[in-house]
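Hi everyone, thanks for coming. Please have a look at the sequence and the model on the screen, and then we'll walk through them together.

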Amino acid sequence: MANTFLLAEGKAVGDSLVEADLVDTASTIIASARDKGVDLLLPVDVVAAPGLDGQAATIDADGIRTVGQHSISDRGQRKTFRM
């Protein structure tokens, strides 16, 4: 679910699982949360790998645009969230 919101924010999510038909809905939710001053909690880092058998790496949310052909498989080790 977070990948759909990250994509709605314009982050590159590579080959990650997203709900493409809900990206517009996620954008609407993001805008509504901002307008109402509500915190929307999303990961600040993610674990991404080129495949199920590849070496995974943690990528900071600001670097998510560099995921490329990797697939986001989990949130990263940092426990804080943002938005």
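First, the overall layout. The protein chain has 2 helices and 5 strands. Reading from the N terminus, the order is α-α-β-β-β-β-β. There are 83 residues in the protein chain, and 33% of them are buried. Its accessible surface is about 5300 Å², with 54% of that belonging to carbon and sulfur atoms. Now take the contacts between residues at least 6 apart in sequence: 56% of those join residues at least 24 apart.

How confident is the predictor? The mean pLDDT of the protein chain is 78, and 63% of its residues reach 70 or more. Among the elements, H2 has the highest mean pLDDT, at 96, while strand S5, residues 81–82, has the lowest, at 57. Where pLDDT is low, the predicted coordinates should not be read in detail.

Asn3 sits in helix H1, which covers residues 2–8. Is Asn3 buried or exposed? Its relative accessibility is 11%, and the cut-off for buried is under 20%, so Asn3 counts as buried. And which residues does Asn3 touch, leaving out those up to four places away in sequence? They are Val13, Ser16, Leu17, Val18 and Ile72.

Let's follow one of those partners. Val13 belongs to the loop between H1 and H2. With a relative accessible area of 6%, Val13 is buried too. Val13 and Asn3 are 10 residues apart along the chain, and their C-alpha atoms are separated by 6.8 Å.

Next comes Thr4, which is also found in helix H1. Thr4 has a relative accessibility of 5%, so we call it buried. Again not counting residues up to four places away in sequence, Thr4 touches Val18, Glu19, Leu22, Val23 and Ala26.

H2 has 14 residues and spans 20 Å from its first C-alpha to its last, close to the 20 Å expected at 1.5 Å a residue. Which residues of H2 are buried? They are Val23, Ala26, Ile30 and Ala33. These residues cover an arc of only 85° around the axis, so they are on the same side of H2. Here is the general idea behind that: an α-helix has 3.6 residues a turn, so residues three or four places apart point the same way. On the other side of H2, the exposed residues are Asp24, Thr28, Asp35 and Lys36. What do the buried residues of H2 pack against? The answer is H1. After H2 comes Gly37, which has a positive phi, near 70°.

Last stop, the nonpolar core. The largest one has 6 residues, namely Phe5, Ala26, Ile30, Ala33, Leu40 and Leu42. Helix H2, residues 23–36, supplies the largest share of this core, 3 residues.

Methods: Residues are numbered from 1 along each chain as its sequence is written. This is a predicted model: local features need pLDDT of at least 70, side-chain atom pairs count only at pLDDT 80 or more; totals for chains, interfaces and linings use all residues. Side-chain values use heavy atoms; hydrogens and water are left out. Helices (H or I, at least four residues) and strands (E, at least two) are DSSP runs, numbered from the N terminus. Buried means under 20% relative accessible area, exposed over 50%, partly exposed in between (1.4 Å probe, protein chains only). Contact means heavy atoms within 4.5 Å. Accessible areas come from the Shrake-Rupley method with a 1.4 Å probe; for residues, only the protein chains shown count as cover. A nonpolar core is a set of buried Ala, Val, Leu, Ile, Met, Phe, Trp, Tyr and Cys residues joined through side-chain atoms within 4.5 Å. The expected span of a helix is 1.5 Å times one less than its number of residues. The arc is that of the directions from the helix axis to the C-beta atoms. pLDDT is the predictor's confidence in each residue, from 0 to 100.
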